[in-house]
Amino acid sequence: MKIVLNETNEELVNKVIQYGGENIYKCFQCGMCASGCPVAGDTDHKIKRTMHQVLLGLDEQILDKKAIWLCTTCFMCLERCPQNAGPTEVIFALRRISAEKGIIPDAQIEVANNIYHLGHAVTVEKGIKLRDKVGAPTLNTAGSDKKYIDEIQKIINTTKSFKLLKIKKDWKPKGDEVIACD
Amino acid sequence: MYLCSEQGQNLIKDDIQKEGITRVVAACCSPRTHEEIFRKTLNSTDLNKYLYEQVNIRDQCSWPHIKDKENATKKAMTLVKSGVYRAIELEPLEDRKLPVLKSTLVIGGGISGINAALDLARDGYKVYLVEKNPSIGGKMAQLDKTFPTNDCSACILAPMMVDISNNPNVELLTYSEVENVSGHIGNYHIVVRKKQTSVDWNKCNGCGDCSIVCPVKVDNEFNCNMDKRKAIYIQFQQAIPMKAVIDKTKCIKCKLCEKRCQVGAIDITKNDDEYVEFDVGSIIVATGYDLFDPNKKAEYDYDHPNVITSLELERMMCASGPTKGEILRPSDNRVPHTVSFIQCVGSRDEKTNDYCSRICCTYSIKHARLLKEKYPDMDIYIHYIDLRCFGKGYEEYYRMAREKGVKFIRGRISQVDSIGDRLEVSGDDDTLGEQISVIADLVVLAVAMESPKGSKNLANLLNISTDKTGFFKEIHPKLKPVSTDSDGIFIAGACQGPKEIPDAVSQGKAAASAASSLMSKGEIGVEPLFAQVIDEFCAKCRTCESLCTYKAIKYIEDENKIEVDIALCKGCGVCSAACPSSAIKANHFTNSQVRMQILALTGGLK
């Protein structure tokens with residue numbers, strides 16, 4: 001669809017800079033970031049395009065879509081970028097901006113609630129049962145003791161993240177079917 | 001071992017001295033690059049250097065027949081045979097010496113010509129600098145800042161212009177054009193037409209009073225017609241010479257200026273052009289470039305007041321320009337909020353000019369940066385195909401533009417339309433993979449550099465070549481970048497092809513150096529490969545005269561004789577081949593030499 005550029009929204013790029021993507025202006029669209037990206041081949045996450053969209057102020061094209069959440073943060077693009085424009089940092093900044101606006105995909109909310117209630121990003125119930133069955137020693141993980149979970153909840157409760165991550169007190173984990181992204 | 005190495009040459013030398021060799025034939029590469037080396041070796045012995053024959057079995061045999069080794073070898077053997085038989089008929093010849101005048105004509109007073117003229121004048125050569133405009137300075141005088149350092153153009157150019165006017169070895173001929181060139185390397189006769197200014201420049205003190213009283217306002221070419229000048233005017237504030245000129249096509253002959261002039265320099269009744277004649281040893285052509293006419297690209301709507309060229313923007317940026325350095329939208333004199341730069345207008349386009357103009361990427365980046373410095377909130381887009389910022393320091397220059405927030409969009413712009421009081425710039429964004437349109441207040445067209453009008457005429461006058469784009473052609477793009485196919489005539493700057501100031505300066509200096517090394521000894525050796533007329537066979541039919549490309553053959557009426565000017569003759573042999581009575585002998589390519597070669601090639605010799 002044709003894109004009309006009228007009065008560029010500088011707010012987005014300024015916020016990206018404020019939130020850690022301070023070298024975004026160095027980007028000259030060479031495509032090094034996208035060429036080595038492990039998820040670009042199979043998903044809609046095109047980091048070169050995202051960098052350009054930020055510079056043009058096309059916020060709705062980035063924030064309304066899930067692409068930025070598909071980044072695995074492997075840091076390959078950041079390592080290889082010939083201009084040190086920090087593409088991964090830009091992705092982090094965009095996620096922060098997106099979260100502030102309340103735009104977070106369900107999968108990410110799921111993960112946040114898992115951490116809040118269980119101490120883990122994904123549930124490990126199946127694994128714990130399996131260890132019991134074969135007689136392996138019990139693991140001492142963040143979720144294995146209520147006092148650890150209390151500490152995690154204390155951190156989340158006292159920061160903005162409780163609201164941003166839409167933490168629900170009456171959370172029901174989906175069990176082992178949960179995957180990181182949908 | 002390479003035959004052209006020192007070792008190989010010594011081998012030949014030894015053979016000549018010890019074995020009594022009288023002719024040398026080498027079967028190797030091109031005589032264009034290597035003949036001179038072998039000739040020098042012969043010269044170092046008692047053998048005349050013209051008793052050498054080079055057979056090119058590389059360019060004309062092994063390279064074209066690379067897939068057929070067997071037949072290529074057969075052909076090489078035949079070629080060598082023909083060389084050997086030609087060698088039998090070779091005659092010893094002596095080089096001719098020609099005197100060379102220690103003076104140069106420099107055509108064009110832009111930055112390249114100024115540099116060439118200054119270097120030669122400082123070395124003690126007499127220089128005639130001819131410029132068609134009232135002042136020297138060229139396009140550079142119209143620029144505000146220059147990349148990649150953003151120095152003020154006038155600040156670095158004006159001192160050189162003053163230097164020129166103060167140098168006693170330079171004769172400045174501005175408001176003048178070269179009318180005729182005759183003669184040859186070392187001794188050219190030049191006729192220059194000084195256009196009538198109607199102002200006595202010996203009296204004019206450049207006060208400018210005449211312009212103030214003149215009632216006739218006309219478009220000011222120096223400011224790209226964005227404001228007015230008078231019919232009597234001084235070209236610009238730093239003009240050299242700082243003298244007034246009457247534009248004869250616009251003057252209404254009211255004589256107000258004549259009455260006002262306190263030194264009595266003006267005489268509007270003067271109408272005739274003056275002619276100046278002089279002789280020089282060498283010529284440097286530095287006629288610069290013209291800009292592409294954007295009207296040829298109707299889709300960019302250049303008729304719209306808010307669509308301007310990059311040079312117009314440059315004049316606006318200049319503190320002494322039509323807007324005193326303010327960037328104003330011509331339609332309403334308001335500072336634009338959004339500016340779009342369209343690159344490659346008239347460049348890299350088979351419909352206009354297929355070449356890259358080389359400077360537009362960097363100058364648009366310069367414009368964008370300067371705008372951002374002056375108006376930080378301005379929204380600036382540069383629509384490009386490829387960004388070619390290749391020079392020293394240019395990459396950093398480009399990066400700094402990005403850091404200032406200039407937006408670069410890859411993709412050509414299809415058209416510009418007006419919507420309300422703004423402009424819609426429609427195109428493609430390669431990265432987004434989508435059509436885009438920018439709503440802009442001002443559109444700047446980065447127009448191509450073209451060979452200046454009149455280049456063809458000048459090329460004919462000087463007997464030098466132009467390439468298909470109209471720019472003057474160098475002999476060799478890498479090794480002889482400022483030499484032309486007329487010995488003694490050199491080219492420098494943008495008249496040879498689009499280039500930025502550093503390259504134009506380098507070429508100006510290179511041309512000065514080439515001219516200087518030609519003139520320094522006061523004479524040059526000329527190969528004796530010219531035509532000779534055998535008068536008793538000659539029927540004076542003058543067929544040769546009309547065929548000679550170099551105008552080297554003339555019929556002398558008083559003596560009823562055909563004469564060859566050996567300085568002009570290139571020894572091409574056209575006259576000799578065409579002569580119906582075989583009255584012209586082409587040195588080093590005599591009939592007997594060529595006949596032997598043909599016989600060897602066609603198997604006529606056993």
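1. Starting with burial: of the 606 residues in chain B, 43% count as buried, where buried takes 20 or more other C-beta atoms within 10 Å of a residue's own, with C-beta atoms placed from the backbone. Keep in mind that this is a predicted model, in which local features need pLDDT of at least 70, side-chain atom pairs count only at pLDDT 80 or more, and totals for chains, interfaces and linings use all residues. As for labels, residues are numbered from 1 along each chain as its sequence is written, while chains are lettered from A and ligands numbered from 1 in the order in which they are written.

2. On the overall build, chain B carries 16 helices and 32 strands; these are DSSP runs numbered from the N terminus, helices being H or I with at least four residues and strands E with at least two. Along the principal axes, its C-alpha atoms fill a box of roughly 90 × 70 × 40 Å.

3. Now contacts, meaning residue pairs whose C-beta atoms, placed from the backbone, lie within 7 Å. Within chain B, if you take those between residues at least 6 apart in sequence, 68% join residues at least 24 apart.

4. Where the chains meet, chain A puts in 16 residues and chain B 15. On the chain A side, β1 (3-5) and α3 (47-56) are the elements giving two or more residues, and α3(A) gives the most, with five.

5. One for the strand-minded: β1(A) runs parallel to β24 of chain B (residues 434-440), joined by three bridges. In β24(B), B:Val438 is the bridge partner of A:Leu5.

Technical notes. A residue is buried if 20 or more other C-beta atoms lie within 10 Å of its own, exposed if 12 or fewer, and partly exposed in between; C-beta atoms are placed from the backbone. Two residues are in contact if their C-beta atoms, placed from the backbone, lie within 7 Å. Two strands pair if DSSP finds at least two bridges between them.
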